[in-house]
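This report examines selected local features of the structure shown below.

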Amino acid sequence: MTYKIAVIGGDGTGPEVVAEGLKVLAAVSKKHKFDYKLEDFDFSGKRYLKTSKLVSAEDIKKLKKCDAIYLGAVGDPEVKPGILEHGVLLKLRFALDQYINLRPVILYPNVWTPVKDKGPKDIDFVVVRENTEGLYAGTGGYLRRGTPDEIATQVSVNTRKGVERCLRYAFEYCKKRNKRKTLTLVGKTNVLTYAFDLWERTFHEIGKKDYPDIKRDYAHVDATCMWFVKNPEWFDVIVTDNMFGDIITDLGAMIQGGMGIAAGGNINPEGLSMFEPIGGSAPKYTGKNVINPLAAIAALQMLLEQLGENKAAKDIDRAIRHTCTKMKSMSAGKMGMSTTEVGDCVAKGI
Ligand code: IPM
Ligand code: MN
């Protein structure tokens, strides 16, 4: 079996961190005896500025022949905000129906957290973010745009099917994770009384029927932000909608030591998934060999888990943890190592 992996280096520091991930992939594939082929896809701000091209239907067809997508970052300060987000990242998520955005929040050993008196035992949970609906569905519009009577609406779309498949994934994940067996629904049932009523009813309905061993918990999204800082150890697996998931996972990234270490997966459990460091293209650090590649390497770990290469994924986890103990900081330029040295350290750890 040869895995075909689509690689989107993208913009800024994307290609640099992906290169370190691929170094680690070479090492684990050798050890665990699996083969892979890489196929490069140039979706980037740079290409857009030159050719006006984003992601086409043809590109999607080609991607669908791959087993997984490994993405660096897409974003260019020269491109008007919204174009690349919609034309590349959201386009891929929607076209490939990657309805789960999986974001582990793990504080690795020796990594500094801004949360005082909390350590790796306290910060170890996973956010399951719905990834194709909610406020991201693009429903809404203007009326009388540009006039004093302008109206703009942006509607949160929550379908029973979309909510249910996300919740089922979260319950299954919680069961498989087998830690505290607690799934927390994060919402805003006190104000968003339609959308989160659907979420809450579906949550309890399928939880009661199909997952009686999983404890069901609920927290409002604002309170969740408070608990992330005050009592992060309360969380095991969180499930939430697209917008709330976007917001709380940035806070999650901060308590786990920053964007340099936070990885995520855009998952279609029945199809093609895409894995990425969630930090963005970091133009300020581009080409300086100072960016932290661990988030991209952790994204590779998630990619291999999705492909079923669990032993390889475990090895990467172990090597990341070891590398963290050798680093001074997770922040770009302050690691006490260069980007390539961090990648070398993980690869050697394999
Ligand atoms: C993320 C990002 C994206 C999102 C943007 C770039 C569209 O913030 O992956 O969290 O909002 O989902
Ligand atoms: Mn985000």
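## Residues with positive phi

Lys-33 is located in the loop between α1 and β2 (35-40), where helices (H or I, at least four residues) and strands (E, at least two) are DSSP runs numbered from the N terminus. Its phi is near 55 degrees, a positive value in a residue other than glycine. Most residues other than glycine have a negative phi. Lys-33 is exposed, with a relative accessible area of 73%; buried means under 20% relative accessible area, exposed over 50%, and partly exposed in between (1.4 Å probe, protein chains only).

A positive phi also occurs at Lys-181, a residue other than glycine, with a value near 50 degrees. Lys-181 belongs to the loop between α5 and β8 and is partly exposed, at a relative accessible area of 27%.

## Basis of the model

This is a predicted model, in which local features need pLDDT of at least 70 and side-chain atom pairs count only at pLDDT 80 or more, while totals for chains, interfaces and linings use all residues. Residues are numbered from 1 along each chain as its sequence is written, chains are lettered from A and ligands numbered from 1 in the order in which they are written, and side-chain values use heavy atoms, with hydrogens and water left out.

## Packing of helices α7 and α8

Two packed helices are described by the angle between their axes and the distance between the axes. Helix α7 (residues 221-230) and helix α8 (residues 242-255) have axes that come within 10 Å and cross at roughly 10 degrees. Helix α7 is therefore roughly parallel to α8. The contact (heavy atoms within 4.5 Å) is formed by Val-221, Thr-224, Cys-225, Phe-228 and Val-229 from α7, and by Phe-244, Ile-248, Leu-251, Gly-252 and Ile-255 from α8. Classified by residue type, the contact of α7 with α8 has eight nonpolar, two polar and no charged residues.

For these descriptions, axes are lines fitted to C-alpha atoms, for helices over the stretch in contact, and angles run from 0 to 180 degrees between N-to-C directions. Angles under 35 degrees count as roughly parallel, over 145 as roughly antiparallel, 65 to 115 as roughly perpendicular and the rest as oblique. Ala, Val, Leu, Ile, Met, Phe, Trp, Tyr, Cys and Pro count as nonpolar, Asp, Glu, Lys and Arg as charged, and the others, Gly among them, as polar.

## Salt bridges

Side chains of opposite charge can pair when their charged atoms come close. The structure holds 21 salt bridges, each defined as a side-chain nitrogen of Lys or Arg within 4 Å of a carboxyl oxygen of Asp or Glu. One of them joins Asp-124 and Lys-179, at 2.8 Å from N to O. This pair links distant parts of the chain, 55 residues apart: Asp-124 is in strand β5 (residues 124-130) and Lys-179 in the loop between α5 (160-177) and β8 (182-187). Asp-124 is partly exposed at 23% relative accessible area, and Lys-179 is partly exposed at 49%.

Arg-129 pairs with Asp-246 in a salt bridge whose closest N and O atoms are 3.6 Å apart. Here strand β5, which contains Arg-129, is linked to helix α8, which contains Asp-246, across 117 residues. Arg-129 is buried, with a relative accessible area of 1%, whereas Asp-246 is partly exposed at 24%. A further salt bridge connects Arg-168 and Asp-210 (2.8 Å, N to O). Arg-168 lies in helix α5 and Asp-210 in helix α6 (residues 195-210), so this pair ties together parts 42 residues apart in sequence. Both residues also belong to a network of salt bridges that links Arg-160, Glu-164, Arg-168, Glu-205, Lys-209 and Asp-210.

Glu-16 is part of helix α1 (residues 14-32). Glu-16 is buried yet has no salt bridge, and the nearest side chain of opposite charge, Lys-46, is 9.0 Å away; Lys and Arg count as positive and Asp and Glu as negative, while His and the chain ends are not counted. Apart from residues up to four places away in sequence, Glu-16 touches Tyr-285, Thr-286, Gly-287, Lys-288, Asn-289, Ile-291 and Thr-339.

Phe-94 is situated in helix α4 (residues 83-95) and counts as partly exposed at 30% relative accessibility. Leaving aside neighbours within four places in sequence, Phe-94 is in contact with Asn-131, Thr-132, Tyr-136 and Ala-137.
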